[in-house]
Amino acid sequence: MSHKKTALSKQADTIIKNLKKRNMEGYYFDTTAACTEALLSEIPSGSIIGWGGSESLKECGLLDAIHSGSYELLDRSSAKTPEESRQIYARTVLADYYLMSTNAITIDGELINIDGNGNRVACLIQGPSHVIIVAGMNKVVTDVQSGVARVRNMASPANAIRLDRKLPCAETGVCHDCLSPECFCNHIVVTRRSMHTGRIKIYLVGEELGY
């Protein structure tokens with residue numbers, strides 16, 4: 001194992017210990033393959049699964065894996081009308097498992113997420129029985145303030161470009177704290193603790209995932 005990998009593993013151990021203090025569970029994997037294998041063993045066949053928009057879930061192969069599995073999937077991207085999308089979301093709130101990433105995670109175990117419509121952070125906060133978060137170690141920050149800055153100046157510009165949004169950050173690559181009509185930095189949520197033991201599980205990966 002390289003020195004960098006060893007350092008990431010030790011850093012993950014520190015985060016996992018701090019997550020436990022906050023009533024959340026943490027796990028660490030060197031590779032996305034190992035992480036995905038562990039996740040699939042966690043989710044029983046026949047489970048109802050929903051997920052939030054996440055490049056990390058795509059990159060680690062988890063979305064492809066669940067599409068090939070024996071699960072009931074709640075995929076809002078399959079909706080043909082706004083009302084159908086709304087109905088799928090309503091069912092997602094009662095899903096057995098909700099899959100997502102986090103925009104940032106502090107060394108102390110806090111989760112930072114910025115959302116547009118709020119459906120992703122809403123399901124993180126309340127609803128689905130289990131929330132599984134996959135995050136590359138590139139999402140680790142020292143504190144909440146640096147986490148918000150990371151999201152605004154790294155994740156949000158990249159997402160604005162990916163979604164072809166007419167936003168200042170898509171033009172300059174940095175946050176302008178805008179109130180543009182297409183802005184998706186509408187809800188800033190910090191999860192400092194989970195009320196429900198065993199509900200939120202964070203799977204850290206020693207690779208770069210997402211933005």
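Reader: At which residue does the kink in helix 7 lie?
Author: This is a predicted model, in which local features need pLDDT of at least 70, side-chain atom pairs count only at pLDDT 80 or more, and totals for chains, interfaces and linings use all residues. Residues are numbered from 1 along each chain as its sequence is written, and side-chain values use heavy atoms, with hydrogens and water left out. Helices (H or I, at least four residues) and strands (E, at least two) are DSSP runs, numbered from the N terminus. The bend at a residue is the angle between axes fitted to the seven residues ending there and the seven starting there; in helix 7 a kink of about 35 degrees comes shortly before the proline P157, at A155.

Reader: What distance does helix 7 reach from its first C-alpha to its last?
Author: Helix 7 covers residues 144-162, 19 residues.

Reader: Which residues of helix 7 are buried?
Author: Buried means under 20% relative accessible area, exposed over 50%, and partly exposed in between (1.4 Å probe, protein chains only). Cover for the buried residues of helix 7 includes strand 5, strand 6, strand 8, helix 8 and strand 9. The buried residues are G147, V148, R150, V151, A155, S156, P157, N159 and A160.

Reader: Which residue just after helix 7 takes a positive phi?
Author: The phi value there is about 55 degrees. The residue is D164.

Reader: In strand 4, which residue is the bridge partner of I49?
Author: Two strands pair if DSSP finds at least two bridges between them. Strand 2 (residues 48-51) pairs in the parallel sense with strand 3 over three bridges, and I48 stands opposite E72 there. Three bridges also join strand 2 to strand 4 (residues 97-100), again running parallel. The partner of I49 in strand 4 is Y97.

Reader: Is G136 buried or exposed?
Author: G136 lies in strand 7 (residues 130-136). Leaving out residues up to four places away in sequence, G136 touches V205, E207 and L209, where contact means heavy atoms within 4.5 Å. Its relative accessibility is 0%, so G136 counts as buried.

Reader: What radius of gyration does the protein have?
Author: The radius is taken over C-alpha atoms, and the globule rule is 2.2 Å times the number of residues to the power 0.38. For 211 residues a compact globule would come out near 17 Å, which agrees with the protein's own value of 17 Å.

How values were computed
The expected span of a helix is 1.5 Å times one less than its number of residues.
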